Each structure stands twice: as structure tokens, then as C-alpha cells.
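Hello,

Here is the structure I promised to pass on to you. Please have a look at it first, and then read my notes below.

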Amino acid sequence: MSKTKAFNVPNALSLLRVILVPVFMAALILMNGVGETWSETFLIRAVPALVFGLTAFTDLLDGKIARKYNLVTNFGKFIDPLADKFMVFGALIAILVSYTEIAPIFVWVSMIVMLRELAITSLRLVIAGNSGKVLAASWWGKVKTATQTLSILLIIMEPALFTPDFCPHLISYIAMAAITVTTIGSGIDYFKAYIPLIDMNK
């Protein structure tokens, strides 16, 4: 019974997200470049953008299905956040490799995102081990996730979008600023919520 329940639709979607991450990374890195025409450039960018969009959609879908049909499992609690980290970290790495012109700034944004994710994950593990409590995603956390997803899509598609001559990477810079603000804001919000739950005497 438990084995059957573990391989339900939400968990299958999480596993699909893990599988799609290297596909997205390969598509973005291998199709890196700008075509001779706008349509060629759009196609080059649209393929990895669509794969990433599909990957992000599975993240939205699996949680809704799990909650609506009461399909929450221990395996799901493990694979879902792991798949989320793979998705975000994979996108950051692929962009750093493919978009060398914005890499000097994007590398700092990536470090902030990765450090935030690792710190919050560590806090969750400590709290879960001590008290078994797991805090639900806050408003800040949901905004952070949505902002990261939209910003990554904008950065991927920027070569095919209109950008002013005086600042060729304006869209990417705005997207990076949005990622940074929401990542730090959600990190502070989670720390404020988790720190009181830590028993300093243990």
C-alpha cells in the first residue's frame, strides 16, 4: 500500500521535474547564440524557455494535486523540495555558462540565491529534527518563487526581446534586481519564523 501511494501523480511530476532540469540546461547551453534574423534568435531562446516553463509548471501542479487529493507522502516531502533546488540551481548554472556578458553580476545573484536556499533548508532540517514542525511557505516565499521563475524566463528570452541601445541588458539587470530583493526578503522572513523554534539548550 505504501509503495503504491509513493508513486502517485504529484511525486511523478516531481521526478519529471528532476529529469527536465538537465534537458533544459543542455538546451540553453547548446543552443546558445543569436541567430541572423529575429525569428531565428526567438526560436533559439524559445526552446529552452519552454522547457524551463514546463519544469516550473510541474512544481505548481504537483503541490496543488497533492493537497487537493490528499496525496502527501514522505517521499513527496523529500523529492519536491529537492527537485525545486535542482530546477533553480540548474537554471542559474546554465545562465552563467551561456550568458557571459551578464555573468560578472549574475554570479553574485546566484550566490545569494544558493546561500539562501541552503541556509533555509538547513534550518528546516534542524527544526524538523527537534520539534517535527514544518512551516508552510510564506507570502514572501511564494513571491520569491514566482519572481525567480519569471525573471529566469526573461533573462533567457532577452536576446529576442527589445532592449535599448544605451543598456543592452536592461531586462536582465531588472530581473536580477528582482531576484535579489525577493530572495533576501524571503530569507529574512523565514529566519524570523524559524529562529524562535530553535532550542538553544539542545
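Is V23 buried, exposed or partly exposed? V23 is partly exposed, because its relative accessible area is 41%; buried means under 20%, exposed over 50%, and partly exposed in between, with a 1.4 Å probe and only the protein chains counted. V23 is found in helix α2, where helices are DSSP runs of H or I with at least four residues, numbered from the N terminus. V23 and F52 are 29 residues apart in sequence, yet 9.0 Å apart in space from C-alpha to C-alpha.

A word on the basis of these notes: this is a predicted model, with pLDDT of at least 70 needed for local features and 80 or more for side-chain atom pairs, while totals for chains, interfaces and linings use all residues. Residues are numbered from 1 along each chain as its sequence is written, and side-chain values use heavy atoms, leaving out hydrogens and water.

Now to the charged pairs. A salt bridge here is a side-chain nitrogen of Lys or Arg within 4 Å of a carboxyl oxygen of Asp or Glu, and the count comes to seven. R17 and D62 form one of them, at 3.0 Å from N to O. This pair links distant parts of the chain, with R17 in helix α2 and D62 in helix α3, 45 residues apart. R17 counts as buried because its relative accessibility is 0%, and D62 is buried at 3%. R17 also forms a salt bridge with D80, whose closest N and O atoms are 2.7 Å apart. Here D80 lies in helix α4, 63 residues from R17, and D80 is partly exposed at 22%. R17, D59, D62, D80 and D84 are linked in a network of salt bridges.

Further along, K144 and E117 form a salt bridge at 3.0 Å between their closest N and O atoms. K144 lies in helix α6 and E117 in helix α5, so the pair ties together parts that are 27 residues apart in sequence. K144 counts as buried at 8%, and E117 is buried at 5%. Other buried residues of α6 include G141, T147 and I152.

One more spot to look at is N70, in the loop between α3 and α4. N70 has a positive phi of about 55 degrees although it is not a glycine, and N70 counts as exposed at 60% relative accessibility.

Enjoy exploring!

How values were computed: Helices (H or I, at least four residues) and strands (E, at least two) are DSSP runs, numbered from the N terminus.
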